[in-house]
Amino acid sequence: MALAQETPASDTDAQTSLNKGRLGTVGIVFFVVAAAAPLVGMTGAVPVAIVLGNGAAAPGAYLVVGITLLLFSVGYAAMSQRVTNAGAFFAYIGRGLDRHVGIASAFVSILAYVAVQLAIFGFFGAVMAGQVGILPWWVWSLVSWAVVTVLSLLRVDVGARVLGVLMLLELTALVVTSVVILASGGPEGINFLASFNPAAILAGGLAGSAGIAFAFAFASFIGFEATAIYGEESRDPKKVVPRATYLSVIVITVLFALTAFAMVTGMGASHVVEKTVALSTVAKVPLAAPAEVLFSLAAQYVGPWMATVMSILVLSSLFAGLLAFQNAASRYLFAMGRGGILPARLGTVNRRGAPAAASVVTSIITGIVIALFALLKLDPILTLFYWFSGLSVVAIVLIEILVCIAVIAYFRTHKGEENVFQTTIAPVLATIGLVLGEYLLMSRFGLLAGTVVDGVDPTVTAWGLSAIGWILVLLPFGLLGVRYVVSRARTSVNEELLRDVIS
């Protein structure tokens, strides 16, 4: 693993500087791929995208979304050459658009990362309670919460090593299963056109089944953008961050498209919807157990032992995601504390170079929410997982759109060695794709988050949200607007510190 040697900080900046030189390209990629939780996406999202979306062409939807995010990465990586900051998104937006928009966007980013972490806490607790039993879901969630908190207080490379082991096991299981299925050809042979023909991918239209597949694909990629957050802790951010960004997007895209295509091949393209429904049905409820689709295919083509391994690795995948998002949220809080936007205490590090105060605050927030859902006896999957996972992806895509616009605006006035594809063409194409993706996510939010008003079929009717659905889907936009107004009205910000954050 490419982990660099520690670079001691000077006495003057030791309390407000992250531990430099701890991560190489591979270490950052582990954090990012862990956040995407590939095994969770393959067991949870792909079966739904197949049945409710565009059927055998679901792998193509993942490929298209991956290409869109690769275009986003071009401008994102170019911006990382100019700005190195633990709060990458809002630093980029502050430089390209306006410092107040940048500050407001930081709060939306924190909302997104805390929300997705809460979703995973709910999922982890529910899976542990179902597979292991003994304790209720919220106790398992709090056990993982305590372990994640402790790991986040250690040096960042310690977390990278933990994630490295978990990721290698997870990726190996997915790749081996996919290769074995594709080598066998499945019951109908390999049919590339069924999955990757543009006409098949867009079948049903963006307002219909194709749009549903794209929405679930976008939701599966959340977390890939976190590479620049670790720039300050990397060995050479000008080289490491761009490499890690491109490598992360490519790895996630290829893995998602390959595994989804293998699943379609294993069931047969012409009958994939019916077989997915059959494998995932519990007590006559389709898609009640979506993980059984991949597990059943693994058992059929590789062996029952692989299905057992995967069921265990789902838990490690969830835990890896918890640690990755804990680090992401705490580094945003750290950057804002150091910049004088939030209390200065949040902008300090412990003797290991970790943003301890920010990490503790992140844990306090998530711990309170877990306890609240437990006290109210709310279902960890139907509420904590679905609500907050839907909220987080809408928030992240909103910020990605702002980053694309900021990249275009920044390079119009700050010419350099970057070419027009990096500074204009790729960001414009990415903006178009992300805006479309945001619309699909919002219009299908009821399906993603389970927040549909009574009497509405979310697979047929877009929007149709319940009150909680409207609150969740509009919350990122409302928070962005409110924090923008507050930032413009605020007069006590330390201008020197603020320039360090967004300059």
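Me: What makes the charged end of R483 count as sitting over the ring of F107?

Reply: The charged end of R483 is 3.9 Å from the centre of the F107 ring. A charge sits over a ring if NZ of Lys or CZ of Arg is within 6 Å of the ring centre and within 35 degrees of the ring normal. The listed distance is within that cut-off, so R483 sits over F107. This is a predicted model, in which local features need pLDDT of at least 70 and side-chain atom pairs count only at pLDDT 80 or more, while totals for chains, interfaces and linings use all residues. Residues are numbered from 1 along each chain as its sequence is written, and side-chain values use heavy atoms, with hydrogens and water left out.

Me: Why is the aromatic pair of Y113 and F325 called tilted?

Reply: Rings of Phe, Tyr and Trp (its six-membered ring) pair if their centres lie within 6.5 Å; planes under 30 degrees apart count as stacked, over 60 as edge-to-face and the rest as tilted. Y113 and F325 are 5.8 Å apart centre to centre with 35° between the planes, so they are a tilted pair. The structure holds 16 aromatic pairs.

Me: Which parts of the chain does the pair of Y113 and F325 tie together?

Reply: Y113 lies in helix α5 (residues 99–131) and F325 in helix α14 (residues 304–338), so the pair joins parts 212 residues apart in sequence. Helices here are DSSP runs (H or I, at least four residues), numbered from the N terminus.

Me: How do you know whether Y113 and F325 are buried or exposed?

Reply: Buried means under 20% relative accessible area, exposed over 50%, and partly exposed in between (1.4 Å probe, protein chains only). Y113 has 1% relative accessibility, so Y113 is buried. F325 also has 1%, so F325 is buried.

Me: What makes the pair of Y113 and Y332 tilted?

Reply: The ring centres of Y113 and Y332 are 5.8 Å apart and their planes stand at 40°, so this pair is tilted. Y113 in helix α5 and Y332 in helix α14 are 219 residues apart. Y332, at 0% relative accessibility, counts as buried. Ring pairs link F90, Y113, F325 and Y332 into a cluster.

Me: Which residues touch the most other members of the largest nonpolar core?

Reply: They are F388 and V403, in a core of 162 residues. A nonpolar core is a set of buried Ala, Val, Leu, Ile, Met, Phe, Trp, Tyr and Cys residues joined through side-chain atoms within 4.5 Å. The largest share of this core, 21 residues, comes from α5.

Methods. Helix = DSSP H or I, 4+ residues; strand = E, 2+ residues; numbered from the N terminus.
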